[in-house]
Amino acid sequence: MASVHPAPDFDAEEDAKILRKAMKGFGTDEDAITEILCHRSNDQRQEIETMFKQAYGKDLIDELKSELGGNYEKAILAMMQAPAVYDATCLRKAMKGAGTDESTLIEIMCTRKNDELTAIKEAYNAEFERDLEEDLVSETSGHFERLLVSMCQANRDETYEVDDEAAESDAQELFDAGEGKWGTDESTFNMILALRNFNQLRAIFREYEKIAGKDILESIKGEVGGSLEDGYLTIAGIALDTPAYFAALLNRSMSGAGTADDDLIRGVVSRCEVSNAWPYSTTSSCHSAFI
């Protein structure tokens, strides 16, 4: 089940009134802000933002920025953005300035569906007047660049059909491109991981394990490294068990010394309206393999 659902008997005018009261005068009623914005769907929050400006002649986002601070402000502002705009903003931040945050590029580009990726590309251009694919090419290189460019095409097969004979053939191709030869043919891995639907990928991975005597995650870890490894593992992880993959991301953001706040916020905000977003248990072998 998703953790955030559209509020029944939704009244944008009443919600805007409560938010105005919460931010008016001395002090800020953060509990009231949380109660409203964290219990409304993204579409409803967009309606509240429009209603707030219509009713009070003020921009709700500007008001929230002036009243809130720290990670609470970041989380609330993230929730106020449309999903595609939020992802586009995260991608731009990951590529702007010195260095590149490859993990954010992978998390977004390798996990979103075709329609989501198309919307992200449009939002990226609208918000920043830049071409997403061009920026990805500029900020990455080699086979990792090719993987992201493939994802940027938003053209994966998203049917649910499984072809067992094709699965056997692709599994053999993967083996021949990695475990079965000296070196690794990354182009074969890229082609299969970027094109096949997730049901087909699961069938391919089952056949692969029969041929290789090990699972696909173990083979990927042994064949490639760095960001390319992370990208391949992400696609395989999403195909095998999407909820477990995202649970592993949240676990990683909170493990060790300190918390990766931006990663935690992005993980929660991007999945809070998705059905079956989190597994009932995080002890599965699939979850453990991703961490």
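## The largest pocket

A pocket is here an open set of grid points at which a 1.4 Å probe fits, with protein on both sides within 12 Å along at least five of seven lines. In this predicted model, the largest pocket has a volume of about 1200 Å³. Its lining is made up of 45 residues, among which T111, R112, K113, E116 and R271 are the closest to the centre of the pocket.

By class, the lining of this pocket comprises 21 nonpolar, 13 polar and eleven charged residues. Helix α8, which spans residues 114-128, gives the most to the lining, contributing five residues.

## Aromatic and charged groups

Four aromatic pairs are present in the structure.

## Confidence in the model

The average pLDDT of the chain is 92, and 93% of the residues score at least 70. Over residues 280-291, however, pLDDT stays under 50, although the model has 22 contacts beyond four places in sequence for this stretch. Where pLDDT is low, predicted coordinates should not be read in detail.

Technical notes: Residues are numbered from 1 along each chain as its sequence is written. This is a predicted model: local features need pLDDT of at least 70, side-chain atom pairs count only at pLDDT 80 or more; totals for chains, interfaces and linings use all residues. Side-chain values use heavy atoms; hydrogens and water are left out. Rings of Phe, Tyr and Trp (its six-membered ring) pair if their centres lie within 6.5 Å; planes under 30 degrees apart count as stacked, over 60 as edge-to-face and the rest as tilted. On a 1 Å grid over the protein atoms alone, a cavity is a set of points where a 1.4 Å probe fits but cannot get out, and a pocket is an open set with protein on both sides within 12 Å along at least five of seven lines; lining residues have an atom within 4 Å of a point. Grid points are joined across faces, edges and corners, and a volume is the space filled by probe spheres set on the points. Helices (H or I, at least four residues) and strands (E, at least two) are DSSP runs, numbered from the N terminus. Ala, Val, Leu, Ile, Met, Phe, Trp, Tyr, Cys and Pro count as nonpolar, Asp, Glu, Lys and Arg as charged, and the others, Gly among them, as polar. pLDDT is the predictor's confidence in each residue, from 0 to 100. Contact means heavy atoms within 4.5 Å.
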